[in-house]
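Dear colleague,

Please read the notes alongside your own view of the coordinates.

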Amino acid sequence: MPRTGSRNDVPRRIGGERIRELPLTPAEGRVLAQIDGLTSVADLELVTGLTADELDLALTRLVELRLIQTGATAAIPVRLPAVRHAVAPPPRRTSPQPPAPESRQTAGPIQPLPADESPAGAADARDADEALSPEERRRIETFLMRAESVDFYRLLGVSRGAERAEIRSAYFGLAKEFHPDAYYGRDIGEARHRLERIFRQITRAYEVLSRAKSRREYDEYIKGQAILQGRDEEEQAWQAEEQRRQTPYGAKATEAARDAAHAKQEAAATRDAATSAASSPVSPVLDELPSWPPPATTPSTTTAATPQPPSPTGAPASEPPSATTPSASTAATPRTVPPPGTPAGVPPSPAGTPAVGARRSAADGWQRLRMARQLASVLRRSGAPEPAKDEKRGTDYLTDAEAAAKNEEWGRVFGLLEAAEKLGLSEAELTRASELRERATRELARISFNQARFSEGTGDLGAALQHAENACRYGPDNAECWDATARLWLRIGRELHKARDAAAKAILLAPQSIAFRMTLIRVYLAAGLPKNARREAEAALALKPDDKQVKALLAEAREQHE
Amino acid sequence: MERVIGIDLGTTNSCVSVVEEGVPVVIPNRGGYKTTPSIVAVTEAGKRLIGHIAKRQAITNSENTVIAAKRLIGRKWNSPQVATSIAMYQYHIVEGPHADVRIQLREKIYSVPEVSAMILQEMKIIAEDYLGEEVTKAVITCPAYFNDNQRQATKDSGLIAGLDVIRVINEPTAAALAYGFGKKIDRLVAVYDLGGGTFDISLLEIGSEGVFKVVSTAGDTFLGGEDFDARIIDWLLAEFQAQHGVDLRQDRMAMQRLKDAAEKAKCELSATRQTEINLPFIISTGRNEALHLQCQITRDKLEELTGDLVQQTIDICANTLDEAGLDVEDIEDVVLVGGMTRMPKVQERVADLFKREPCKGVHPDEVVALGAGIQGSMLVAEKSDVMLLDVTPHTLGIMVVGGFFEPLIPKDTTVPTSQTKTFTTVRDNQTAVKILVLQGESDKAEENELLGEFVLTGLRRAPKGEVEIDVSFEINADGIVAVSARDLENGQEQSITVTASSGLTKEEVKEMAENSHEYLVERRRGEETEKTSQEAETLIGEIERYMPQVEEIVRGSEHGPEAITKAKEVVEHARGAMRSGVPDAEMKEILDSLRRTLRMFKAVLT
């Protein structure tokens with residue numbers, strides 16, 4: 001029997017065929033229908049329910065008919081891995097593949113290696129694999145994926161209401177399995193690093209969840225994350241609707257309906273896969289939660305690509321940046337901190353790990369579903385753009401927003417209000433809406449501020465800054481938010497003019513606070529502007545003449561000036 | 001499976017254990033004691049003495065008797081602790097070639113790890129005698145608050161002693177391991193370890209799964225029983241001076257006697273409320289008049305003299321609880337470790353602080369060695385029931401602009417762990433950065449311990465702040481620190497595995513290990529000779545005891561007188577050989593002829 005290739009090969013369709021006109025057996029048709037360029041031969045066996053020999057025969061014939069190509073394919077971008085998991089393997093055969101979805105993702109031939117795995121590491125891993133039993137390897141792979149994708153509760157396998165003792169017990173069980181000492185004296189090569197990564201993450205999870213304070217903050221963080229995500233969705237829904245208002249209704253409505261159906265299917269499939277993996281039913285919103293803390297995005301990575309020197313632009317010209325004279329013996333100064341979860345030296349991949357990718361696409365799916373639903377509902381109610389009916393629609397949104405406010409879904413409130421106001425509201429409704437908006441922004445500012453503080457605590461300055469800036473956007477008259485933003489820019493050590501602006505804003509809002517003034521002094525010192533620092537320090541001392549810290553800063557400013 | 005011994009290398013006493021059939025046991029030394037004094041001496045004849053025997057001769061040979069070498073291990077010559085030790089001890093502490101500390105014994109100068117190695121070698125021999133097989137693998141304990149240089153020096157000591165040190169673990173952690181071993185308990189415990197030279201406090205979570213997780217640890221590596229002794233000595237000196245107007249400090253022998261007496265009084269005061277210190281003829285004055293030191297010391301007096309030392313330990317405990325975010329109510333048990341915890345005042349203060357009576361179930365002198373033995377056997381076991389999750393006791397980081405210390409891995413982080421931070425250049429056209437790896441809690445780089453350094457070169461010439469460098473720290477399960485720096489632009493990378501410096505180079509350690517091995521071989525041979533001469537001695541004794549009787553019986557027989565003469569010759573020859581020393585083979589022959597003679601004698605008598 002000629003083999004068409006190895007079980008890990010991924011057959012692809014060549015395309016252009018007209019399936020109905022082909023002389024195919026039902027089995028061959030079934031195989032062909034399942035070939036999507038993502039499913040490996042081994043998986044096809046599961047999916048089609050054929051025996052290896054039957055499948056082989058079918059594949060050979062399909063190749064002969066020049067309908068498909070086989071052979072291990074080079075990385076095909078995984079567009080929707082979620083769809084693949086939607087196809088459940090039939091239960092009639094014992095699976096040669098590990099059953100957990102997480103491990104299938106790595107076991108599958110087309111998946112890229114986990115984003116932060118170096119190629120050298122991959123080669124070692126193969127050697128090391130031989131030292132591990134299949135069961136050990138499976139456990140390690142499964143947990144490596146988990147460690148970097150699911151939230152802390154699910155990583156430890158406890159419920160959100162778990163008692164401390166339960167969390168400890170869960171962690172200790174995992175620690176015993178994944179501490180590298182469990183493999184002491186065994187040469188397991190690169191797998192040791194994987195163990196270390198798993199161990200680090202479960203330890204972090206435990207340390208956060210085992211202390212009342214950090215656990216509360218983390219819960220808040222998850223909740224906040226869900227709320228903020230909700231807000232994004234609603235905002236996008238609104239944008240989509242805006243777009244609709246400028247395009248012919250019919251085409252868009254059909255598209256929306258189709259999108260809705262598609263998105264719903266995808267989202268449901270992904271959720272199934274995710275829930276079955278975690279074995280605990282979690283609300284869909286939480287399912288969308290990306291790895292925590294979120295991969296450092298905008299501030300750290302994008303600016304890293306286009307580095308900008310700390311530019312004191314906008315500062316008085318009398319203080320040239322060259323005023324800084326660093327000591328000769330030293331070399332470096334602290335700057336940004338990538339998320340602690342990111343291992344050494346590997347830039348965070350934009351695509352993230354496959355699991356994160358899957359999650360993202362799940363989130364996409366949900367987003368599209370919600371957008372589509374909104375569109376559909378709007379379209380149902382309108383039919384045609386009549387101003388009179390617009391008013392009513394605005395009222396509807398306002399009512400929805402008020403209901404959402406009761407549920408503390410501030411993100412939704414924000415989005416719904418935006419929609420309501422744009423669609424038009426009466427005078428009284430506008431007052432109600434603006435009150436509600438004020439409350440929503442205040443709440444969002446508070447949540448963002450908390451997120452920022454929490455991220456800062458975990459050392460993820462990039463995320464912290466993002467949250468702090470959001471907090472400033474929602475609550476522009478909260479001095480604390482501005483001060484936090486300033487301090488974060490200062491800690492990151494980039495774009496110090498932004499730090500200065502934020503610090504100045506904080507002082508403007510709360511002129512009596514010495515702490516805020518000290519932030520500004522520090523910013524000036526960091527930017528090498530001792531004159532400005534001195535001026536600010538003197539102003540601060542005028543408020544509180546014997547503040548030791550300010551005096552120390554003043555002395556530093558004088559020293560720098562000389 | 002190869003056996004692994006656990007060694008508690010203490011400041012004043014050391015202890016060795018092994019796990020037998022799943023049960024950890026302390027191995028007694030030849031004298032039957034479970035602990036061996038960590039004392040090394042060299043006699044006038046150049047003979048090396050270790051343990052009890054070294055302790056006994058310390059008074060007459062104080063200049064060549066090393067006590068509390070652990071207080072010097074891994075320290076720099078110019079550190080204040082070394083200066084204190086020089087003032088406190090009678091032996092000669094000198095500067096080594098790498099600004100390290102060396103000890104002069106007679107004509108020879110030894111490094112501190114060499115001295116510690118002598119003690120470890122003794123512990124190794126104790127274990128080998130007990131087990132009847134060679135032992136090469138060991139887990140050694142060290143104070144939790146030891147820094148990496150001190151740990152490395154401890155490892156080097158093991159290496160010099162011919163041991164493969166598979167892990168260095170913290171003393172309080174080891175104690176907790178022994179305390180919770182096989183108990184199936186879920187508990188948060190505090191281990192208060194006040195030993196001869198160091199103080200440690202560790203908080204641990206013990207899980208019934210057999211997991212021991214260190215939550216927090218702190219201490220003082222220069223605070224222990226030795227300091228309590230010093231307080232008593234100072235008091236005695238002052239009393240004596242007030243009484244007789246004589247300063248005993250000038251007399252080394254007197255000082256050593258004082259030291260002994262102070263230690264003894266301290267121990268006695270744990271059981272009684274008052275004791276007498278009686279040192280007759282402590283010194284003679286110029287007019288040939290002998291002075292005696294005789295005084296009473298009460299427990300209250302001792303507590304008054306050492307109150308601040310106890311307070312220091314209590315402060316550290318309170319601070320640690322605070323830093324860990326725990327209340328005393330969270331602590332479910334308190335374990336006392338180290339001989340100093342026998343002092344009633346210490347127990348009282350600890351009980352006051354933790355609002356509970358300390359656990360009495362562990363032996364303060366043996367528990368650390370037992371824990372080390374358990375960890376050793378668990379590491380090499382196929383499937384282990386016990387898992388130890390330890391922390392890094394000090395903050396790790398690098399030096400940044402302005403001489404400041406930038407932490408990367410904070411103290412009390414569970415290992416293995418890793419952390420990365422991005423740094424940038426501070427000067428225009430800077431093409432290289434020097435990474436100084438430091439350990440400690442001070443903001444100022446210079447106040448922390450330097451673990452290692454390296455340079456990353458080939459940076460792009462650019463205005464300051466433009467070139468970015470990622471610095472990564474990684475600590476693996478063995479506690480080994482690896483640091484790498486990477487230019488984010490061109491991907492260039494430099495890294496080092498931080499081999500903390502024990503004060504010795506690799507070559508030196510290797511050479512010392514060889515010397516120590518030679519010594520061991522010689523010593524083993526010496527022991528062999530000792531054994532044969534002892535046997536010969538016994539045989540001769542017996543032969544001579546039977547001689548008159550046998551002579552009486554065989555006198556009349558034909559070959560009788562001849563046989564007696566021959567027997568006398570054999571004895572004479574043996575005596576001569578033992579006096580002058582002969583090769584092993586010849587000695588064996590002599591033994592054989594002695595045995596034959598004795599057999600013959602016995603045959604005649606029956």
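Of the 606 residues of chain B, 57% count as buried, buried meaning under 20% relative accessible area with a 1.4 Å probe and protein chains only. This is a predicted model, in which local features need pLDDT of at least 70 and side-chain atom pairs count only at pLDDT 80 or more, while totals for chains, interfaces and linings use all residues. Side-chain values use heavy atoms, without hydrogens and water, residues are numbered from 1 along each chain as its sequence is written, and chains are lettered from A and ligands numbered from 1 in the order in which they are written.

The secondary structure of chain B comes to 13 helices and 29 strands, taken as DSSP runs numbered from the N terminus (helices H or I, at least four residues; strands E, at least two). Within chain B, 65% of the contacts (heavy atoms within 4.5 Å) between residues at least 6 apart in sequence join residues at least 24 apart. Helix H10 of chain B (residues 367-380) is largely enclosed by the rest of the structure, because 13 of its 14 residues are buried.

In chain A, helix H20 (residues 479-492) and helix H21 (residues 496-509) pack with their axes 8 Å apart and at an angle of about 155°, the axes being lines fitted to C-alpha atoms over the stretch in contact and the angles running from 0 to 180 degrees between N-to-C directions. H20(A) is therefore roughly antiparallel to H21(A), a description that applies to angles over 145 degrees.

With regards

Note on methods:
Parallel < 35°, antiparallel > 145°, perpendicular 65-115°, else oblique. Buried < 20%, exposed > 50% of the residue type's maximum accessible area, 1.4 Å probe, protein only.
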